[in-house]
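Trainee: I'd like to learn how the words we use for a structure are backed up by values. Could we go through one together?
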Amino acid sequence: MYRSLALFAILLAGTGPATALTLSVSDIAARVRSSHPSLKAARLTISEALGRRLGAGRLANPVAGYDFQNQSNVSPQTSVFSIDQSFPITRRLSLEKKLTSQLVTAAELEVRDAERRYIAEAQSVAVRLLAVGKQQALRQQQTELAKKLSSFAEGRAKAGEVSKLDAKQIQLDTQRLRVEARLLEAESVSLLGQLRPMLGLRSEDALKVSGDLPPMVLPAISSWVKRPDYQLAQTRIMAAGTDKDLARAKRIPDVTAGFFASREMQDVTPDNRERTGFLGFRISVPLPFWNRNQGEIAEKTAAAERAQLESAALAVQINGEAGTARQEMETNASIVKETRDTLLPLAVEQSTEVQKAYEAGQADLLTVLRTRDQRLQLEAAILSAIRDFHLARIRYEAAVGKHAPAQTSPAVLP
């Protein structure tokens, strides 16, 4: 019955009313932190690590025992009560506690790194959405210009002043622009479908990315040492060292010590029964002659060395990511400046003059279409370069851990 009710509740939740959400690019980071389903699951790894720390570094439970032996002709009736406790004579317990604390820090850093990656992914999709919207507006503008040229050519064709083939060619070109606009619309639908799950939305929920892209300003150069995965690598180095020390501490097994009390009773004669008893102490010391945990020590030593090399490799990778992203920003910014300030004004002027010449019968249709396509390509190139600048900016911010820096504490700093 309870399973049926739970299933009904899930189905009811899944068929709830659709929601509408409007976000700007700057709102993406906070929304991802609060609603990304994978982040909600990842945060439970911290609880798991805290649970492991709770049980680490504790002594094993003591062992209570009771032995009974009935009397015989040669031995008395004996009852023995005992309690034994094992404990290490090395630093094993403190090292276990230290290791689990470092693993808690590592779990927290893993979640922060997941936030960094998911935020960058969602922001990239949002930037592409805004860029597609700009491309759609550009196609709409070009379509309106094509319609005006088509109406003019159609009127001239009816008057016999231009070829009917020219009018049909312009109509065909107008339809081409409409198809390109529809393709951009399909791309927008696809991008929205990718973005919704990242924001914790269902496919039927309405989502709109509002606003505009920020100005193309190069961000300040930032240090990437607080990036979560780099701090995680440093924490793993320390954890590997602790794990190696723990393996060495296990070379000597635990010592066991205990107390016992015995009570004896013996029938000497039918009328005479003697009772006696005693207390004792015992200790058991293992002798590590054959096994000194050499295999685990070798394994943990290699793991510690591997953690060092992985951290160095990650530092090289992060440095490359940040440097490459910054170079891409600089390149795209120069492309936008050169195209917008130099090439596009020339293309606009040329397109306007050619269209006026065509209307005056001084230019052919092929020249008009070619100059208009050149202008469209330059305007589209500017939008693409602006998009690529902001995608590179997002990669740079992700490379330096801007939106999800690691918590600065002595436990994780190199």
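Trainee: Let's start with arginine 92: in which helix is its place?

Mentor: Arginine 92 sits in helix α5. Keep in mind as we go that this is a predicted model.

Trainee: Why is arginine 92 called buried?

Mentor: Its relative accessibility is 16%, and buried means under 20%. The value falls below the cut-off, so arginine 92 counts as buried.

Trainee: Which residues does arginine 92 touch, not counting those up to four places away in sequence?

Mentor: They are Leu246, Ala249, Lys250 and Asp254.

Trainee: Helix α7 covers residues 228-249. How do you know that its length agrees with what a helix should span?

Mentor: Helix α7 has 22 residues, and at 1.5 Å a residue they should span 32 Å. The end C-alpha atoms are 31 Å apart, so the two values agree.

Trainee: And what makes α7 "mostly covered"?

Mentor: Of its 22 residues, 16 are buried.

Trainee: What does the check give for helix α4, residues 44-55?

Mentor: Its 12 residues should span 16 Å, and the end C-alpha atoms lie 17 Å apart, which agrees. After α4 comes glycine 57, with a positive phi near 70°.

Trainee: Which residue other than glycine has a positive phi, near 60°?

Mentor: That is asparagine 293. Its place is in the loop between β6 and α8.

Trainee: Is asparagine 293 buried or exposed, and how do you know?

Mentor: Its relative accessibility is 15%. Buried means under 20%, so asparagine 293 counts as buried.

Trainee: What about phenylalanine 289: buried or exposed?

Mentor: Phenylalanine 289 is in the loop between β6 (272-284) and α8. Its relative accessible area is 57%, and exposed means over 50%, so phenylalanine 289 is exposed.

Trainee: Which residues form a nonpolar patch on the surface?

Mentor: Phe289 belongs to it, along with Ile83, Phe259, Phe281, Ile283, Val285, Leu287 and Trp290. Together they have about 1000 Å² of accessible area.

Trainee: Now the inside. Which residues touch the most other members in the largest nonpolar core?

Mentor: This core has 38 residues, and those touching the most other members are Ile28, Val32, Leu195, Leu199, Leu207 and Val209. The elements giving two or more residues to this core are β1 (20-23), α2 (28-35), α5 (92-158), α6 (164-198), β4 (206-209), α8 (294-359) and α9 (365-399). The most come from α5, which gives 11 residues. As a general point, nonpolar side chains tend to be buried together in soluble globular proteins.

Trainee: What is leucine 207 in contact with, leaving aside its neighbours within four places in sequence?

Mentor: Leucine 207 is in contact with Leu21, Leu192, Leu195, Arg196, Leu199 and Leu201.

Trainee: Why is proline 37 called partly exposed?

Mentor: Proline 37 is in helix α3, residues 37-42. Its relative accessibility is 46%, which lies between the 20% limit for buried and the 50% limit for exposed, so proline 37 counts as partly exposed.

Trainee: Which residues is proline 37 in contact with, leaving aside its neighbours within four places in sequence?

Mentor: Those are Pro197 and Gly200. Proline 37 and proline 197 are 160 residues apart along the chain, yet their C-alpha atoms are separated by 7.8 Å.

Trainee: Can we set two glycines side by side? Where does glycine 211 lie, and what makes it exposed?

Mentor: Glycine 211 lies in the loop between β4 and α7. Its relative accessible area is 62%, and exposed means over 50%, so glycine 211 is exposed.

Trainee: And where is glycine 401 found, and why is it called buried?

Mentor: Glycine 401 is in the segment after α9. With 2% relative accessibility against a cut-off of 20%, glycine 401 counts as buried. Its C-alpha atom is 8.6 Å from that of valine 225, which is 176 residues away along the chain.

Trainee: How many helices and strands does the chain have, and what share of its residues is buried?

Mentor: The chain has 9 helices and 6 strands. Buried residues make up 39% of its 414 residues.

Note on methods: Residues numbered from 1 in each chain as written. Predicted model: local features only at pLDDT ≥ 70, side-chain atom pairs only at ≥ 80, totals over all residues. Heavy atoms only, no water. Core = buried A, V, L, I, M, F, W, Y, C linked by side-chain atoms within 4.5 Å. Buried < 20%, exposed > 50% of the residue type's maximum accessible area, 1.4 Å probe, protein only. Helix = DSSP H or I, 4+ residues; strand = E, 2+ residues; numbered from the N terminus. Contact = heavy atoms within 4.5 Å. Expected span 1.5 Å × (residues − 1). Patch = residues over 30% accessible without salt bridge, like charges linked within 9 Å, V, L, I, M, F, W, Y side chains within 5 Å. Areas by Shrake-Rupley, 256 points an atom, 1.4 Å probe, with all protein chains shown as cover. Salt bridge = Lys/Arg side-chain N within 4 Å of Asp/Glu carboxyl O.
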